[in-house]
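Thanks, everyone. Let me take you through one model this morning. Please have the sequence and the structure open.

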Amino acid sequence: QDARLFPHLTVRQNLLYGRWFAPGTTGPDFDRIVELLGIAPLLSRRPGALSGGEKQRVAIGRAILSNPRLLALDEPLAALDEARKAEILPYLERLRDELGLPILYVSHSVAEVARLATTLVVMEAGRIVAAGPAATLFADPATAPFLGAREAGALITARVVAQEADGLTRLETAAGPIFLPRLDASPGTQVRVRIMAHEVILSRGRPEGLSAQNILPAVILDLLPGEGASVIVQLGLGTDRILARITGRSVVELGLSPGQAVHVILKSMAVGRDQIAEGALSAS
C-alpha cells in the first residue's frame, strides 16, 4: 500500500536496486519490465515528482526485477483514488498475461478481483469459504452472499468482432452477439466482461419492442434465496454461466424452475467500462 521508494534515488536507480537482490541470475529483462509498466518517461525522475499510480508501478517493477518466485500484492491500490486505480489496472493485467509470474493479489475490492483474478479464494473471518476458478465462483449463487448483493455478478469471455458506426462494439459470446459501449480494442481481442446480477432481466419468451440491445437465450440452472425478498438465479448462456438477482415474486409469477428456457435481457449501457478488461479468464 506504500511504495517505499528511496526518495534520494531516481526511478532508474530504484529499479536497479531491485536487480541487486538477484545477482548472477537470468532475471526479468530491465527494458521489458520498463515497457510493460509504461515507466520509461519516468526513469530520470525522483519519487517526489511521481503520482501515486506512478509510484506503485515503479515499486512493482522494482519487486519484479528482484526475480521473485511469487509477487505478493496486499491491497496495492487501496491508497489511490479512482482515476489512479483506472490508470494502473491495465498494467497489472499486462503483467498477469505476459510475465508468467504467479501473483497473489489480496483485496477487498470485488471489482479489482473480477478484472484480475484467474483463481479466486474467498475468506471470511480468517477462514476459506470458497476457492476455485474465478469464472466458476463469480457465477456460483452460493458465493453471492459473501460478495454482497450489489457486487454479485458473473464473468464471461467474449471476443471483439467489430466497431459499429453508432459507437457500440459488437462482441461474440458463447450464447450470441452482444453490443457494449465502444472498447478501445481491435477485432479478435479477447475480453472478460463482468455482468452484474441486478442488471439482468429475465423473460419467458423473446420480448419485442424493447430498447435493450442484448437479448440472449439461456437456461435456468439453479435458484437460491438471496437477501430479503430476492432470489439469485444461475443461468447457462451456452458454455458461460451468469447470475440474475430478481424478486421471489417474479420467480412465482413467471413460474421459473431449473431446466427452463428463458431469455436474458441486458442493456448495453448497464455494463460500465470498468467491468470490461482484456485477457482470458483461465490461467495461461
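Contact, in what follows, means heavy atoms within 4.5 Å. Two remarks on the source. This is a predicted model, where local features need pLDDT of at least 70 and side-chain atom pairs count only at pLDDT 80 or more, while totals for chains, interfaces and linings use all residues. Residues are numbered from 1 along each chain as its sequence is written, and side-chain values use heavy atoms, with hydrogens and water left out.

Start with P217. Which residues does P217 touch, not counting residues up to four places away in sequence? They are A175, G236, L237, V262 and H263. P217 sits in strand β10. Strands here are DSSP runs of E with at least two residues, helices are runs of H or I with at least four, and both are numbered from the N terminus. P217 counts as partly exposed, at 44% relative accessibility. For the cut-offs: buried means under 20% relative accessible area, exposed means over 50%, and partly exposed is in between, with a 1.4 Å probe and protein chains only. P217 and A261 are 44 residues apart in sequence. In space, their C-alpha atoms are 7.3 Å apart.

Now H263. H263 belongs to strand β13. Is H263 buried or exposed? H263 is buried, with a relative accessible area of 17%. Its list of contacts, again leaving out residues up to four places away in sequence, includes I201, L202, S203, R204 and G205. Also among the residues that H263 touches are I215, L216 and P217.

Strands β10 (residues 214–225) and β13 (residues 261–266) run antiparallel, joined by six bridges. N214 stands opposite L266 in β13. For pairing, DSSP must find at least two bridges between two strands. The whole sheet is open and has five strands, in the order β9-β13-β10-β11-β12, with antiparallel pairing. β9 (201–203) and β12 (240–247) are the edge strands; each has a single partner, so one side of each is left without a neighbour in the sheet. From one strand to the next, the twist averages 45°. The axes behind such angles are lines fitted to C-alpha atoms, for helices over the stretch in contact, and angles run from 0 to 180 degrees between N-to-C directions.

Next, the other sheet. What is the order of its five strands? The order is β7-β6-β5-β8-β14, in an open sheet with antiparallel pairing. At the edges stand β7 (176–181) and β14 (276–278), each with a single partner strand, so one side of each has no neighbour in the sheet. Neighbouring strands of this sheet are turned by 40° against each other on average, direction ignored. Inside this sheet, β5 (residues 153–163) pairs with β6 (residues 168–173) in the antiparallel sense over four bridges. R159 stands opposite E172 in β6.

Last topic: charges. A salt bridge is a side-chain nitrogen of Lys or Arg within 4 Å of a carboxyl oxygen of Asp or Glu. How many salt bridges does this rule give? The count comes to twelve.

Look at E93 and R115. Their side chains meet in a salt bridge, 2.6 Å from N to O. This pair links distant parts of the chain: E93 is in helix α4, R115 is in helix α5 (residues 110–116), and they are 22 residues apart. E93 is buried, at 7% relative accessible area. R115 also counts as buried, at 12%.

Helix α4 (residues 82–98) also holds K85 and E82, three residues apart, about one turn of the helix. These two form a salt bridge, with the closest N and O atoms 3.6 Å apart. K85 is buried at 17%, whereas E82 is exposed at 60%.

Then E98 and R94. Their closest N and O atoms are 3.9 Å apart, in another salt bridge. They are four residues apart in helix α4, so about one helical turn separates them. Both count as partly exposed: E98 at 39%, R94 at 27%.

One network to finish. R57, D81, R84 and E87 are linked by salt bridges.
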